[in-house]
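Here is a quick tour for someone meeting this structure for the first time. Have a look at the model, then read on.

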Amino acid sequence: MDAIDALKTRRSVREYTREPVDTAVIEDLIDCARLAASARNVQPWEFIAITNRETRVKLADLAPNGPHIAHAPVCIAVVCAEGTYYLEDGAAATQNIMVAARAYGLGSCWVAGDKKPYAAQVLKLLGVPAGYKLVSLVTVGHAAARPVPTKRPLADVIHWEKF
Ligand SMILES: Cc1cc2nc3c(=O)[nH]c(=O)nc-3n(C[C@H](O)[C@H](O)[C@H](O)COP(=O)(O)O)c2cc1C
């Protein structure tokens, strides 16, 4: 699958089969993430790959908006050192993980981290040192269902020269 297809067909997947994801693939998703653009190339990110079911269940218990964390074979926590652009940088890395997952034929879903009341508890559970923010928890796995949410058409969102 080329990059354009991966970008255009990625959709959030919240139902996964029990099939695990190869360790080499998880590593490559994180390799794609660490190559994302970042302001002044600070690369403030760290990535925690969580495959342990007990930990994933605890994460799902903390994040009521991410029950699928318990069922996906892997969850990647994207954390960034605090700084002016930590959120933009972490978001770019998160998107890379999801598009790369699609290119591998996998499903993924971004579960909110930044601004959520559970962020501090997640950071503690994952042993993240002080000075880091939780940007996202990304579930990854083989899709059991692929929803197709509607998207605003190109003609509605494109503007040339002025709004
Ligand atoms: C910043 C951000 C936070 C999100 N948080 C959650 C979340 O907590 N739980 C969830 O199931 N999906 C979450 N999503 C996924 C969105 O619901 C999803 O991207 C949106 O419905 C559009 O669907 P699509 O990803 O299939 O295009 C989040 C997405 C973004 C960008």
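A residue is called buried if 20 or more other C-beta atoms lie within 10 Å of its own, exposed if 12 or fewer do, and partly exposed in between, with C-beta atoms placed from the backbone. By that rule Leu59 is buried, because 23 other C-beta atoms sit within 10 Å. What you see is a predicted model, in which local features need pLDDT of at least 70, side-chain atom pairs count only at pLDDT 80 or more, and totals for chains, interfaces and linings use all residues. Residues are numbered from 1 along each chain as its sequence is written.

**The whole chain**

- The chain has 6 helices and 6 strands; helices (H or I, at least four residues) and strands (E, at least two) are DSSP runs, numbered from the N terminus.
- Going along the sequence, their order is α-β-α-β-α-β-α-β-α-β-β-α.
- A compact globule of 163 residues would have a radius of gyration near 15 Å, and the chain agrees with 16 Å. That radius is taken over C-alpha atoms, and the globule rule is 2.2 Å times the number of residues to the power 0.38.
- Along the principal axes, the C-alpha atoms fill a box of roughly 50 × 40 × 30 Å.
- Buried residues make up 34% of the 163 in the chain.
- Two residues are in contact if their C-beta atoms, placed from the backbone, lie within 7 Å. Of the contacts between residues at least 6 apart in sequence, 78% join residues at least 24 apart.

**Helix 2**

- Helix 2 covers residues 23–34, and its 12 residues should span 16 Å at 1.5 Å a residue; the end C-alpha atoms are 17 Å apart, which agrees. The expected span is 1.5 Å times one less than the number of residues.
- Its buried residues are Ile26, Leu29, Ile30 and Ala33. Seen down the axis of helix 2, they fall within an arc of 95°, so they line one face; the arc is that of the directions from the helix axis to the C-beta atoms.
- On the other side of helix 2, Ala24, Glu27 and Asp31 are exposed.
- The buried residues of helix 2 pack against strand 2 (45–50), strand 3 (74–81), helix 4 (86–103) and strand 5 (132–141).

**Helix 3 and Leu59**

- Leu59 belongs to helix 3, residues 53–62.
- Arg56, Leu59 and Ala60 are buried in helix 3. Their directions stay within an arc of 100° when seen down the axis of helix 3, so these buried residues line one face of the helix.
- Strand 2, strand 3, helix 5 and strand 5 are among the elements covering the buried residues of helix 3.
- Setting aside neighbours within four places in sequence, Leu59 is in contact with Ile50, Ile69, Cys75, Val122, Leu125 and Leu137.

**Helix 4 and its surroundings**

- Helix 4 has 18 residues and reaches 26 Å from its first C-alpha to its last, close to the 26 Å expected at 1.5 Å a residue.
- Its buried residues include Tyr86, Ala93, Ile97, Met98 and Arg102.
- Those buried residues of helix 4 are covered by elements including helix 1 (3–9), helix 2 and strand 4 (107–112).
- Glu82 counts as exposed because it has 11 other C-beta atoms within 10 Å.
- Beyond neighbours within four places in sequence, Glu82 is in contact with Gly131, Tyr132 and Lys133.
- Just after helix 4, Gly105 has a positive phi of about 80°.

- Most residues other than glycine have a negative phi.
- Lys115 is not a glycine, yet its phi is positive, about 80°. Lys115 sits in the loop between strand 4 and helix 5 (119–125), and it is exposed, with 9 C-beta neighbours inside 10 Å.
- Glu161 also has a positive phi, near 70°. Glu161 is in the segment after helix 6 (154–157) and is exposed, with 4 other C-beta atoms within 10 Å.

**Around the ligand**

- The residues surrounding the ligand are Arg11, Ser12, Arg14, Asn65, Gly66, Cys109, Trp110, Val111, Ala112 and Pro149; a residue is near a molecule if its C-beta atom, placed from the backbone, lies within 6 Å of it.
- This shell has 5 nonpolar, 3 polar and 2 charged residues. Here Ala, Val, Leu, Ile, Met, Phe, Trp, Tyr, Cys and Pro count as nonpolar, Asp, Glu, Lys and Arg as charged, and the others, Gly among them, as polar.
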